[in-house]
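Here is a walk through one structure, from the pairing of chains down to single residues. Keep the sequence and the 3D view side by side as you read.

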2 protein chains.
Amino acid sequence: MNYSFAPQTKTYQSSAVRDILKVTQQGHVISFAGGLPSEEIFPLEQVKIAYEKVFASGKSSLQYGLTEGFTPLREAIQTKMDRKGISSNPDNILITTGSQQVIDLFSRVMLSPGDVVLTEDPTYLSALQVFRSYGAQVVAVNSDDNGMDPEDLQAKIEILHPKFIYIIPTFSNPDGKVWSNERRQDLLSLCYKYNVLILEDDPYGDIQFHQEEEYHPIAAFDTHQSHVLYTSTFSKSVVPALRTGWVTGPIEVIKMMTQAKQMNDLHSSSIDQQALYYLLRDFNLDSHIDLLRSEYYKRMTTMRDCLSKVGSGLFTWKEPKGGMFLWVEGNEQLNTTILLGEAVEKGVAFVPGAPFYVNHPKHNTFRLNFSHSTPDTIKLGMDRLVEVLLKPQVV
Amino acid sequence: MNYSFAPQTKTYQSSAVRDILKVTQQGHVISFAGGLPSEEIFPLEQVKIAYEKVFASGKSSLQYGLTEGFTPLREAIQTKMDRKGISSNPDNILITTGSQQVIDLFSRVMLSPGDVVLTEDPTYLSALQVFRSYGAQVVAVNSDDNGMDPEDLQAKIEILHPKFIYIIPTFSNPDGKVWSNERRQDLLSLCYKYNVLILEDDPYGDIQFHQEEEYHPIAAFDTHQSHVLYTSTFSKSVVPALRTGWVTGPIEVIKMMTQAKQMNDLHSSSIDQQALYYLLRDFNLDSHIDLLRSEYYKRMTTMRDCLSKVGSGLFTWKEPKGGMFLWVEGNEQLNTTILLGEAVEKGVAFVPGAPFYVNHPKHNTFRLNFSHSTPDTIKLGMDRLVEVLLKPQVV
């Protein structure tokens, strides 16, 4: 039988990252590909205790829950948001299955075919896929190291009337960029002026290497919660298997997204939500995040030092100030998509940079994840990778 | 700020069932409203042990997983499907956040605005909402106690070229109906002839009161897995808080739905999936389901006997052969939506029947859930309900 799928499925493509993840799970490949956190640091014992508390609370813990999410968890998130300077309340916090679901639900309630979404370039490839699956036209705004260029942004807002602007302003995926506080405020001012919504995706904000620097979420400047949807997740700071993220923002938008979520899956796992509540209540997450920061910093510098040995001039990168990724650009002849097959054969994987670009892929870029592997594994994997990178390329 | 939502959000409406659930959670209302399973019967101790096994398996249990779902769980579901006569394999089984997500993902990959979906009438109201949210036109097929009328079905397929047919053939929500085996085969034959897909929703199939009767899933007749998407869930047979459902069917459709799920939420909670795997491996789910069946049968007969006391002629209902619901029709003057407010004041809740209808709501119908309350609570709640029902109505 020929299955007549809806036209929007023509935009679907399996995520390169996840396809590689599948391959590398099978063999002895050292993977710098997926955005995986370090397993060694997972607070397994504390997670286990948190689940024990759920079951000790009785059988009602296993019943259906609210679409909005477990109320005590939403209250705990409100406290977390307060500390970041974001004013929220449990009514405008929606718990989701990871922040991926926030990107999808927000797109679902906002986008119609032909609508424009403005983004950075490169940006999170799965977000690009979601926007396109709803028929949106994604347009990149010119950026430098400090964030979007306000002039280009204003011009594109005026001409294209975007439905919203999607950004990862703090330790971006894929390129680890951090926006300056000035550019954050510039963006918000323009969005106030032209009444445009912002989707601020902040999965990595907690993983900050230099404590003396201060970054404020854009949502913190949006004091009336009118223009910014802020989303984050516990996948990077606690464990990914929980699949628990959240979004806070304008109550009208959160309510609409809640209705969409009701149709989408009724609610996310409430056992996990309850466990996370106990974990946040009883476990010192701050000191756990401190541990993550120092360990990931060590791993990043290990990887950076391996790259430096290749010799300057061949590859360029910016040292990330946080997050989980090193973004590397090679000479113009390099095609990292072709290189990937060879690298996997040598026992190391990365993600080619091309799919992260909105329109004009730079085929000489690639993303390296430093959080998942121990420093020793990073050295071994980088030896393999450098060998592949330095081999003369047949273009 | 005025938020300019996508036009399809105009079809959104908060689910009546869940809104009532919220109200009734707050007070001392006896609720026959939601489709909640019995908490007393939840296998709390066994669930707890299953999670302990997850954490005992080590830190990798907390890492990101596959979009398709935890492979050993998909293998266990294959075995379960085999026992129902449905041939499947782990590659064409997708694990989801409840079967609600199956309805949503299938609609997402199949439906464009203007497409037709054929359904029973009344049918699961949240499915109607999903289909409409994708712009589909839902058309009801004439049915009797045995299922859809093949003549009307054929006529509507020929004229309307539906994208798919959605049915709950075994202990339907809301009316508890069971299709005859003949009608199941009639439906499949027509779908073969006209190349139409079927979404067979089977959340209640395991809760069968009379073991001597035999019902075969329609998917069991679809030996090449070409035309039927079969979905079920562990929410009713194990516990809802796990939010774990699945779908099996044509591999092309499952792959497309997997891509949609990747964009939607990457994957469902893998802690829950692993726990469910250990539960299915080590716990006697069959004898647990036997317990559910006999307890729910007792509860159903208690409720039925209370209804019978009202006096015949005022209300009509069919005794359900399984599932969780009694569907009741009153005299034509009755408006159960108006009645609900009064009932909640008296301390009892139900769901008005109107939202379950496709086009022509019967305002004199309502749905009673008998699984959630103990027999004593059912008696108390039915006393309250009967008082409200027998009060002369101001129309």
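Contact here means heavy atoms within 4.5 Å. This is a predicted model, in which local features need pLDDT of at least 70 and side-chain atom pairs count only at pLDDT 80 or more, while totals for chains, interfaces and linings use all residues. Residues are numbered from 1 along each chain as its sequence is written, chains are lettered from A and ligands numbered from 1 in the order in which they are written, and side-chain values use heavy atoms, with hydrogens and water left out.

Start with the two chains. Two copies of a chain are related by a rotation about an axis and a shift along it. Here a rotation of 180° with 0.0 Å of shift along its axis places chain B on chain A, with an RMSD of 0.0 Å. That relation is a two-fold axis. The superposition is by least squares on the C-alpha atoms of residues with pLDDT of at least 70 in both copies. Which residue of chain B comes closest to the rotation axis? B:S269 does, with its C-alpha at 3.5 Å. The copies meet through the same surface, because 100% of the interface residues of chain B are also interface residues in chain A.

Now move to the helices of chain A. Helices (H or I, at least four residues) and strands (E, at least two) are DSSP runs, numbered from the N terminus. Two packed helices are described by the angle between their axes and the distance between the axes. Helix 4 (residues 98-110) of chain A packs on helix 9 (residues 251-265) of chain A at an angle of about 105°, and their axes are 9 Å apart. Helix 4 of chain A is therefore roughly perpendicular to helix 9 of chain A. Angles of 65 to 115 degrees count as roughly perpendicular, under 35 as roughly parallel, over 145 as roughly antiparallel and the rest as oblique. The axes are lines fitted to C-alpha atoms, for helices over the stretch in contact, and angles run from 0 to 180 degrees between N-to-C directions.

Look at the residues in this packing. Helix 4 of chain A brings A:Q101, A:V102, A:L105, A:F106, A:R108 and A:V109. Among their partners in helix 9 of chain A are A:M256, A:M257 and A:A260. The residues of this contact divide into nine nonpolar, two polar and three charged. Ala, Val, Leu, Ile, Met, Phe, Trp, Tyr, Cys and Pro count as nonpolar, Asp, Glu, Lys and Arg as charged, and the others, Gly among them, as polar.

Helix 4 of chain A also holds A:S99. Is A:S99 buried or exposed? At 10% relative accessibility, A:S99 is buried. Buried means under 20% relative accessible area, exposed over 50% and partly exposed in between (1.4 Å probe, protein chains only). Leaving aside neighbours within four places in sequence, A:S99 is in contact with A:D201, A:T231, A:S232, A:T233 and A:G245.

Next come two prolines. A:P90 sits in the loop between helix 3 (71-83) and strand 2 (93-97) of chain A. A:P90 is buried, at 17% relative accessible area. Beyond neighbours within four places in sequence, A:P90 is in contact with A:R74, A:E75 and A:Q78. A:P72 is in helix 3 of chain A. At 25% relative accessibility, A:P72 is partly exposed. A:P72 and A:R281 are 209 residues apart along the chain, yet their C-alpha atoms are separated by 9.9 Å.

The backbone has some features to check. A cis peptide bond joins A:N173 and A:P174, with omega about 15°. A:P174 lies in the loop between strand 7 (164-167) and helix 7 (181-194) of chain A. That loop also holds A:F171. A:F171 is not a glycine, but has a positive phi of about 60°. At 1% relative accessibility, A:F171 is buried. In chain B, the peptide bond from B:D121 to B:P122 is cis, with omega near 0°.

Finish with the cysteines. How many disulfides does the structure hold? Zero, over all chains. A disulfide is a pair of cysteine sulfur atoms within 2.5 Å. A:C191 is buried at 0% relative accessible area, and A:C306 is buried at 8%.
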